[in-house]
Amino acid sequence: MLRHILRASAAALALLLPFAAACGGSATAESSSDVSSVTLRVGDTGWKVGEAVLKYAHLDDTPYKVKWSLFQGGDQQLQAIRAGALDLASSSEIPPLFAAADGKPNFKVVAVQRGSTLNQEVVVPKGSKVTGIDGLKGKKVGYVQNTTAHYFLYELLKQAGLKWSDIDAKPLLPNDGLAALNGGGIDAFASYGTSIITAHQQGARTVGSGADILSGNFLWSARDSVLKSPAQRAATADLIARITKAYAYVRDGHEDGFAKVTAEATHQPVARAKSDLVAAQNQRPTQARTVGDDTITSQQKVADAFTELGALKGHLDVRSFWTTELNTGLKKAL
């Protein structure tokens, strides 16, 4: 049982999923499971926003331990899952595709976190004459491979009547891409999150956006060993539910405080951090939902696009690495 219980207003509760219980209830997924001995190794991308929002909402007092690790992308988190270095990874729909492509994944997608698709952009450096995606033909374009950036860049090129082969595509990590953009090594960069925020601070302009291309489904992937343990399953469901409740707390009139936390972590003005936070939550409130046929179908569409691109060698049936095993526990925790 939670030692501290978040009491959100009716307005904040209305932002939760239809099946969500009142925040004043228990957030323990399986009360019969002893989670006190559990340590969850959890990944995050960009900055430790998951850890930060839980602390800000006073929901970090978990009856189990959480060890957060920071990565530059969800692809690296899934690599860590495969290597046994993480128990729970958060990513877009794309990284699990490549982690499962060998047909021997040691993880399952256990839940979906609906989230904003803002700050998913193709940017050009200050002074560039490129004004749109069609202007990228023949240009050196950096992108974060096997992530949302890879996918929305491909889709934007198609919309502009271009093929992937029409650009000189350069796979780069976010920090390396920023350095290359500023140093003249590439003409444009497709990336997300903190790297896009930083790029704009350095004078970059947006020439394409993935906001309306991406589904807004961000996936929680758990190692198979987690699913075999009732206590670890309970802790996982509880942690995912706490993050949903923490964002409900932020939306319930606490944006200013969390904007300050965000600004400090991302090195941007508080006013800009608040503007981005409010815009993101207005576009798509951050909240968890259980696995359903529609979430699986959404990722299958993305997988088929990567097969078409040639990045995946042949058809990949994504249903093979999804599970509903956490659905009951997550519903109770929410």
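This is a predicted model: local features need pLDDT of at least 70, side-chain atom pairs count only at pLDDT 80 or more; totals for chains, interfaces and linings use all residues.
Leaving aside residues up to four places away in sequence, Leu 97 touches Gln 299, Val 302, Ala 303, Phe 306, Leu 312, Leu 316, Val 318 and Phe 321. Leu 97 also belongs to the largest nonpolar core, a set of 60 residues. Such a core consists of buried Ala, Val, Leu, Ile, Met, Phe, Trp, Tyr and Cys residues joined through side-chain atoms within 4.5 Å. Here, buried means under 20% relative accessible area, exposed means over 50%, and partly exposed lies in between, using a 1.4 Å probe and protein chains only. Leu 97, Val 122, Leu 153, Phe 306, Phe 321 and Trp 322 touch the most other members of the core. Helix H5, residues 148-159, gives the most to this core, with 7 residues. There is also a second, separate core of 39 residues, with Leu 40, Val 53, Ala 241 and Ala 288 among them.

Residues are numbered from 1 along each chain as its sequence is written. Local features need pLDDT of at least 70, and side-chain atom pairs count only at pLDDT 80 or more, while totals for chains, interfaces and linings use all residues; side-chain values use heavy atoms, with hydrogens and water left out.

Helix H7 covers residues 193-201. Helices (H or I, at least four residues) and strands (E, at least two) are DSSP runs, numbered from the N terminus. The buried residues of H7 are Ser 195, Ile 196, Ile 197, Thr 198 and Ala 199. Their cover includes strand S5 (120-124), helix H6 (174-183), strand S8 (188-192) and helix H11 (270-283). After H7 comes Gly 203, with a positive phi near 100 degrees. Helix H6 contains Gly 183, which is exposed at a relative accessible area of 63%. The C-alpha atoms of Gly 183 and Pro 125 are 9.4 Å apart, although 58 residues separate the two along the chain.

Salt bridges come next. A salt bridge is a side-chain nitrogen of Lys or Arg within 4 Å of a carboxyl oxygen of Asp or Glu, and the whole structure holds 12. One of them joins Lys 158 and Glu 155, at 3.6 Å from N to O. These two residues sit 3 residues apart in helix H5, so about one helical turn separates them. Lys 158 is partly exposed at 37% relative accessible area, whereas Glu 155, at 15%, counts as buried. In helix H9 (residues 230-251), Arg 242 and Asp 238 are 4 residues apart, again about one helical turn. Their side chains meet in a salt bridge of 2.6 Å, N to O, and both residues are buried. An α-helix has 3.6 residues a turn, so residues three or four places apart point the same way. Asp 238 and Arg 242 are also linked with Asp 61 in a network of salt bridges. Arg 289 forms another salt bridge, with Asp 294, where the closest N and O atoms are 2.8 Å apart; Asp 294 is partly exposed at 47% relative accessibility.

Finally, the lining of the largest cavity consists of Ser 92, Glu 93, Thr 117, Thr 148, Leu 214, Ser 215, Gly 216, Asn 217 and Phe 218.

Conventions:
Contact means heavy atoms within 4.5 Å. On a 1 Å grid over the protein atoms alone, a cavity is a set of points where a 1.4 Å probe fits but cannot get out, and a pocket is an open set with protein on both sides within 12 Å along at least five of seven lines; lining residues have an atom within 4 Å of a point.
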